[in-house]
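Thanks for making time this morning. I would like to walk through one structure with you, taking the helices and then the sheet, so please keep it open while I talk.

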Amino acid sequence: MNLNQSNNSFFSKKDLVNILFFIFVAIAIFYPIFYSEYLYTDEAPQLWMYKKESSEHMSLLPYGRYITDQLYQWFFGNANTIHDIIFIRLFSFFGWIICIPIWYFIIKQIVIREKLPSQLIFFSILYLICTPPFSVYVSWASCLELFIANTASLISGYFLYSSINHETGRINKPAIMIPGSVLFGIISLFTYQSGFGCFLLPFLLHLITRPKEFRTIFIGVIGCLFIYVVYYFLFKYNLKIHNIAADDRTSISINIFPKVRFFIRPLATSFHFTFLFNEKSIIGFIVYVITFFAWLIADFYQYRFLPFSNRLKTFALTMFILILIYLPTLVVKENYFSNRTLLALNMAVFFLVANTLLNALKKPETRTTIMAMLSFLFVLNARHNFIQQYLNPIKMEYRQLRTFIENNYNSTINTVYFIRPQEDFFVRKYGITRSWDEFGVPSSFFDWVPEFFVKQVVFEKTGNRTIAEKLTIKHWLGKQEYLKLAPQLSKNVMLVDAEEIMSR
């Protein structure tokens, strides 16, 4: 482990040691995905419906994710059992392992060019691995595409950034760099739109060190918006040739003030760093406010050589870039954010705070000590988030529900009554934190899970997909809702009360 990085060469022995260390950390945190069998939320319908023989089919084309749809068709289409989902998660994990050196060298080149603290290279990649979105990406097969979306976006932004001569403000080799930037940007957007925010990370790092030079930032913003426009027309064309309509959730909503107010919530989550808080947590909001204003005051003090009006302009531009980074989630009709959409914003906030912190620590020994302590804390917390907040509860849920269904299903059963658990069941049972729909929430809470989960388990038990397909699945949220209707039980009906089963 080497916290200091002073070698300016493209590749050195120190770089190799650091990259190997990052791979070791990723394996040390997430190695249970190599053997853990479970089925989490969207994986259930995707495993069942991305089949040629399925009477129902899924498609991500209406959401503008053509590349992801192709990946899903191949991976989920070729997965027959729940155990096979392990290999899809490993695809995502090793995809990120391949991408870690790309992130490392891009950030290294930016840090060297902008004369940022050299420790930021090591610190930022470690944080990338420990941040909650990374945990979601490698442990949830429904996010198998995110390493492509985020990394292609970063490459796209770096192509444009590296082509700009910061002294003259002109683009060098535009015939090569601009098409390359657009190509990787389109790949990112057709994979997962929220990943495109990484495009602006190089320009944010430029703003951090050159708060009086806005020309490069202006080029970056224009380049970002231009790629959005190109993608929009390609998206519309893709819908036309497939003769389908866009999903209503993807329609654009120009409602500025509610959207800006909505942006406070993902921004607050980014200022929690690797720590998970419920979106309605008062303590989480207080932590956000304290952290945000501590950074803001320290940052204003560090740039005290600038006129106050310039510092306000720089702060306003910084906030504008943060909003632009999260733009794909802000402009659509649906007001819902999640940890999986936050990687770009998380990294942006980390760069802002980490740079301020490193500049405040003048002594190299102090920097190294503080970084080592924070790095160790991030790794421990990432491990806790993955194991305690995510993996252990859903593995237990999966085992108990599957065992119950397998033990109680027989050939006379044609209907299943499924009582879904409450959203906070894991919180009450394990004392953990629920963070949106990815941490601390039962998979079977979601109304689209029971039907496909039960059918998949019955299919694996009987080996007959037709039998499973013909099952009628009815579900209710909680026992009270079930008892209100008081459906009749018979020998042809199997009752699955998820909370009762998991409470045993």
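Predicted model: local features only at pLDDT ≥ 70, side-chain atom pairs only at ≥ 80, totals over all residues.

The crossing of α15 and α16 is right-handed, where a crossing is called left-handed if the near helix is turned anticlockwise from the far one by less than a right angle, and right-handed if clockwise. The axes of α15, residues 343–360, and α16 come within 10 Å and cross at roughly 145°; axes here are lines fitted to C-alpha atoms, for helices over the stretch in contact, and angles run from 0 to 180 degrees between N-to-C directions. Helices (H or I, at least four residues) and strands (E, at least two) are DSSP runs numbered from the N terminus.

Residues are numbered from 1 along each chain as its sequence is written, and side-chain values use heavy atoms, with hydrogens and water left out.

Coming back to that helix pair, which residues make the contact of α15 and α16? From α15 they are F350, L357, L358 and N359, and from α16 they are R367, I370, M371, L374 and F378, contact meaning heavy atoms within 4.5 Å. They divide into 7 nonpolar, 1 polar and 1 charged, with Ala, Val, Leu, Ile, Met, Phe, Trp, Tyr, Cys and Pro counted as nonpolar, Asp, Glu, Lys and Arg as charged, and the others, Gly among them, as polar.

Now to the sheet, which is open, has 3 strands in the order β4-β3-β5, and pairs in parallel. The edge strands, each pairing on one side only, are β4 (472–477) and β5 (493–497), and neighbouring strands are turned by 15° against each other on average, direction ignored. Strand β3, residues 415–420, pairs with β5 over 5 bridges and with β4 over 6 bridges, where two strands pair if DSSP finds at least two bridges between them. Y417 stands opposite L495 in β5, while T415 has T472 as its bridge partner in β4.

Helix α16, residues 364–408, also packs on this sheet, touching β3 and β5, and its direction makes about 160° with that of β5. Helix α18 (450–462) packs on the sheet as well, but touches β3 and β4, with an angle of about 135° to β4.

Are the residues of β3 buried or exposed? In β3, 6 of its 6 residues are buried, that is, under 20% relative accessible area, with exposed meaning over 50% and partly exposed in between, using a 1.4 Å probe and protein chains only. T415, Y417 and I419 point one way, and V416, F418 and R420 the other.

I432 sits in the loop between α17 (425–430) and α18, and counts as buried at 11% relative accessibility; its contacts, leaving aside residues up to four places away in sequence, include Q388, Q389 and P393. A141 lies in the loop between α6 (132–139) and α7 (146–163), is buried with a relative accessible area of 1%, and, with the same exclusion of residues up to four places away in sequence, touches E43, F76, I85, I88 and R89.

Finally, in helix α5, 12 of its 12 residues are buried, among them Q119, S124 and Y127.
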